[in-house]
Amino acid sequence: MNRTEFSSELEARLTGLPEEEIKRQLQYYAELIDDRMEEGMGEEEAVAALGAPGEIAETVFGELPILARVRAAKPRSTGRKVLNILLLVLGSPIWLSLLVALVAVILAVVVSLWAAVLGLGAGALGAGLGGLVIAARGVVTLVSAYPVSIFVLGGGMAAVGVGILLGFTTFYGGRALLRLSVVCTRKLKKWIFGRR
Amino acid sequence: MLDPQMKRGFLEMCILSALCRGDSYGYQLVKDLSAVVEVSESTLYPILRRLEAAGSLLVYSVEHNGRLRKFYRITEFGRSQLEGFLLSWNEISGMYTFIREGMNP
């Protein structure tokens, strides 16, 4: 194996490591080849003295915790951080307003759904209570305003019936919406905080 | 059959000690250490990187025959680590004796 073959094979086997680290390793081994050749060794011999690229890669990945610690010890360039913050601030009119719009839309949808449920509930109450009042009127005037009173009583009872139906709808609809809200909130929390 | 973890720790000290005698470079270190202990270039590399990250040695480049050669130099911190290691030798040899005597009472 000549040095170019060695270098490219080692580079291929080290994929996964940060570019900087791979470059540093290739330089390290290139230097060793140069030094050996300076002492009089042939290129193939110098490359062979390093061992197989496969074995080297194995050792590297075996020593990975150490290398990871080395990387962690190096402070990330503050220049990069400043640039990122600057870009965020500059772009904020765009992404910020989009975010606000999205939140507004979501809120609008949620409010409408709850409004619908409340509306059903109000209808249930109205029909139920109103129906009761009308039915009572029918009972009270049963003798004096017969047969109209029968009609009134019947109408009142029908209204109560409608009220009960609406009541059930409100109950089930409200419960379903509540469950949906709980599930969505949980998912949202996981999405925001779940990456730990 | 020296435990690789233990060997790594000792190799760190060997490298630092070799640098006490003067700045050195990769290949020279490999040669010097190979005289004493079996070590390969690939085992040496992460140890050198760790010593650099810990601040025990520093690295600089010198031009040599049209290419750049990386030199290593021990730091004050590195020297203090060496001294600490030598001080701990009593503890180590004490434990070694204890272990050996336990096997041949």
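## Salt bridges across the interface

A salt bridge is a side-chain nitrogen of Lys or Arg within 4 Å of a carboxyl oxygen of Asp or Glu. In this predicted model, the side chains of A:Glu38 and B:Arg67 form one, with an N to O distance of 3.0 Å. Between chain B and chain A the count is eight salt bridges. Twelve residue pairs, both at pLDDT 80 or more, are in polar contact between chain B and chain A.

## Composition of the contact

On the side of chain B that touches chain A, two or more residues each come from helix H2 (26–34), helix H3 (41–54) and strand S3 (67–74) of chain B. H3(B) provides the largest share, ten residues. By class, this side of chain B has nine nonpolar, five polar and eight charged residues.

In total, 22 residues from chain B and 23 residues from chain A take part in the contact. About 2200 Å² is buried between the two chains, and carbon and sulfur atoms give 51% of that area.

## Aromatic pairs

Over all chains there are eight aromatic pairs. One of them, B:Phe10 with B:Phe85, is edge-to-face, at 5.5 Å centre to centre and 90 degrees between the planes. B:Phe10 lies in helix H1 (residues 4–20) of chain B and B:Phe85 in helix H4 (residues 76–87) of chain B, 75 residues apart. B:Phe10 is partly exposed at 27% relative accessible area, and B:Phe85 is partly exposed at 21%.

B:Tyr60 and B:Phe71 are stacked, at 5.8 Å centre to centre and 15 degrees between the planes. B:Tyr60 belongs to strand S2 (residues 57–64) of chain B and B:Phe71 to strand S3 of chain B, eleven residues apart. B:Phe71 counts as buried because its relative accessible area is 16%, under the 20% cut-off. B:Tyr60, at 25%, is partly exposed.

Ring pairs also join A:Phe6, A:Tyr28, A:Tyr29 and B:Tyr45 into a cluster.

How values were computed
Residues are numbered from 1 along each chain as its sequence is written. Chains are lettered from A and ligands numbered from 1 in the order in which they are written. This is a predicted model: local features need pLDDT of at least 70, side-chain atom pairs count only at pLDDT 80 or more; totals for chains, interfaces and linings use all residues. Side-chain values use heavy atoms; hydrogens and water are left out. Contact means heavy atoms within 4.5 Å. Buried area is the accessible area (1.4 Å probe) that two parts lose on being put together, summed over both. A polar contact is a pair of N or O atoms within 3.5 Å; within protein, one must be able to donate a hydrogen and the other to accept it, and residues adjacent in sequence count only if both atoms are side-chain atoms. Helices (H or I, at least four residues) and strands (E, at least two) are DSSP runs, numbered from the N terminus. Ala, Val, Leu, Ile, Met, Phe, Trp, Tyr, Cys and Pro count as nonpolar, Asp, Glu, Lys and Arg as charged, and the others, Gly among them, as polar. Rings of Phe, Tyr and Trp (its six-membered ring) pair if their centres lie within 6.5 Å; planes under 30 degrees apart count as stacked, over 60 as edge-to-face and the rest as tilted. Buried means under 20% relative accessible area, exposed over 50%, partly exposed in between (1.4 Å probe, protein chains only).
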